[in-house]
Amino acid sequence: MPEQDDVEREFDLKWAGDAAHKEPSARARMLAARWKENPPGPVPFRADPDRMASPRSSWLSTTLVLGCVAAVILLLGYTRFRAQY
């Protein structure tokens, strides 16, 4: 198959883009067939605020992070202490 130059390729792309009938994608066809038998229920635009999980307090998160940092520091110090002997 000979390679097309840019002018011919641009013409082909414009010709394909200006087509009167565009076939839907495979996913669109699959969903249309599925929804024909079992249509989806209504979905709210935004979730209900009642279902939102309660956020952790800031001091609990801070304590957790600082505890993890302290544990890593102690572990590194212990391994370095043990490596000297």
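Student: Where is V69 found?

Tutor: V69 is found in helix α3, residues 58–83. A helix here is a DSSP run of H or I, at least four residues, numbered from the N terminus; strands are E runs of at least two. This is a predicted model: local features need pLDDT of at least 70, side-chain atom pairs count only at pLDDT 80 or more, and totals for chains, interfaces and linings use all residues. Residues are numbered from 1 along each chain as its sequence is written, and side-chain values use heavy atoms, with hydrogens and water left out.

Student: Why is V69 called partly exposed?

Tutor: Its relative accessibility is 44%. Buried means under 20% relative accessible area, exposed over 50%, and partly exposed in between (1.4 Å probe, protein chains only). So V69 counts as partly exposed.

Student: What makes V65, V69 and I73 a nonpolar patch?

Tutor: Patch residues have over 30% relative accessible area and no salt bridge; nonpolar side chains (Val, Leu, Ile, Met, Phe, Trp, Tyr) are joined within 5 Å, like charges within 9 Å. V65, V69 and I73 form such a patch on the surface, with about 270 Å² of accessible area together. Areas come from the Shrake-Rupley method with a 1.4 Å probe; for residues, only the protein chains shown count as cover.

Student: Which residues gather in the patch of negative charge?

Tutor: D5, D6, E8 and D12. Asp and Glu count as negative, Lys and Arg as positive; His and the chain ends are not counted. The place of a charge is NZ of Lys, CZ of Arg, CG of Asp or CD of Glu. E8 lies in helix α1, residues 6–17. At 44% relative accessible area, E8 is partly exposed.

Student: How do you know that E23 and R29 form a salt bridge?

Tutor: Their closest N and O atoms are 3.0 Å apart. A salt bridge needs a side-chain nitrogen of Lys or Arg within 4 Å of a carboxyl oxygen of Asp or Glu. So the pair qualifies. The structure holds 1 salt bridge.

Student: Is E23 buried or exposed?

Tutor: Exposed, because its relative accessible area is 61%. R29 has 41%, so R29 is partly exposed.

Student: What is the confidence in the protein?

Tutor: The average pLDDT (the predictor's confidence in each residue, from 0 to 100) is 79, and 75% of the residues score at least 70.
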